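Reader: Please take a close look at a single part, the pocket, and then at what can be said about its surroundings and the rest of the chain. Give the cut-offs as you go.

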Amino acid sequence: MGPILIVGMCPSDKPTLGYKQNATFRRLESWMDRLNIRHFSFINTFDYPGDPKMSNVDFERLNKLCSEYNNILALGGFVSKVLSKVGAEYYSLPHPSPLNRLLNDKEYEDCILKECKEYLI
């Protein structure tokens with residue numbers, strides 16, 4: 001497994017590190033633990049909290065960065081659409097937000113992590 005790039009939508013307006021870490025980032029860290037991934041790079045499709053709009057994405061920057069990775073993980077549908085536009089090959093994970101009701105089904109979560117592990121091999 002080579003270097004891994006995880007692409008998120010936009011920065012959270014909640015803390016992502018430390019004691020008050022947000023639940024989305026805790027779930028992402030849990031997934032990385034379950035996948036035995038200790039190091040990864042992370043970028044968002046745009047640099048400020050807000051609504052997902054294609055007009056907010058710096059496609060040139062994202063394309064350049066993605067070209068340096070063979071293992072790219074997209075967090076959610078918006079990110080998947082963006083990565084498709086830049087021609088990147090990626091595995092699409094559901095967004096790890098606690099608001100994502102698909103993740104209430106632990107069998108579904110186990111299945112997507114198994115598929116992700118296969119993608120990364």
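Author: On a 1 Å grid over the protein atoms alone, a pocket is an open set of points where a 1.4 Å probe fits, with protein on both sides within 12 Å along at least five of seven lines; its lining residues have an atom within 4 Å of a point. The points are joined across faces, edges and corners, and the volume is the space filled by probe spheres set on them. The model is predicted, so local features need pLDDT of at least 70 and side-chain atom pairs count only at pLDDT 80 or more, while totals for chains, interfaces and linings use all residues. Residues are numbered from 1 along each chain as its sequence is written, and side-chain values use heavy atoms, with hydrogens and water left out.

The largest pocket holds about 510 Å³ of space. It is lined by 23 residues, and C10, S12, N22, T24 and H95 are the closest to its centre. The largest contribution, 4 residues, comes from α1. Sorted by class, the lining of the largest pocket has 12 nonpolar residues (Ala, Val, Leu, Ile, Met, Phe, Trp, Tyr, Cys and Pro), 2 charged (Asp, Glu, Lys and Arg) and 9 polar (the others, Gly among them).

Helix α1 has 12 residues and spans 16 Å from its first C-alpha to its last, close to the expected 16 Å, which is 1.5 Å times one less than the number of residues. Within α1, F25, R27, L28, W31 and M32 are buried, that is, under 20% relative accessible area, with exposed set at over 50% and partly exposed in between (1.4 Å probe, protein chains only). Viewed down the axis of α1, its buried residues fall within an arc of 160 degrees, so they line one face of the helix; the arc is that of the directions from the helix axis to the C-beta atoms. An α-helix has 3.6 residues a turn, so residues three or four places apart point the same way. F25 counts as buried because its relative accessibility is 19%. Its C-alpha lies 20 Å from that of E107, 82 residues apart along the chain.

The loop between α1 and β2 contains N36. N36 has a positive phi of about 60 degrees, although it is not a glycine.

Elsewhere, the structure holds 4 aromatic pairs, meaning rings of Phe, Tyr and Trp (its six-membered ring) with centres within 6.5 Å; planes under 30 degrees apart are stacked, over 60 edge-to-face and the rest tilted. The F46 and Y48 rings have centres 5.2 Å apart and planes at 55 degrees, so this pair is tilted. F46 is buried at 1% relative accessibility, whereas Y48 is partly exposed at 41%. Ring pairs link F46, Y48 and F78 into a cluster.

I112 sits in helix α4 (residues 106-120) and is buried at 6% relative accessibility. I112 and L75 are 12 Å apart, C-alpha to C-alpha, and 37 residues apart in sequence. Y91, in strand β4 (residues 91-93), is buried with a relative accessible area of 13%. The C-alpha atoms of Y91 and A74 are separated by 6.1 Å, with the two residues 17 apart along the chain.

Definitions and conventions:
Helix = DSSP H or I, 4+ residues; strand = E, 2+ residues; numbered from the N terminus.
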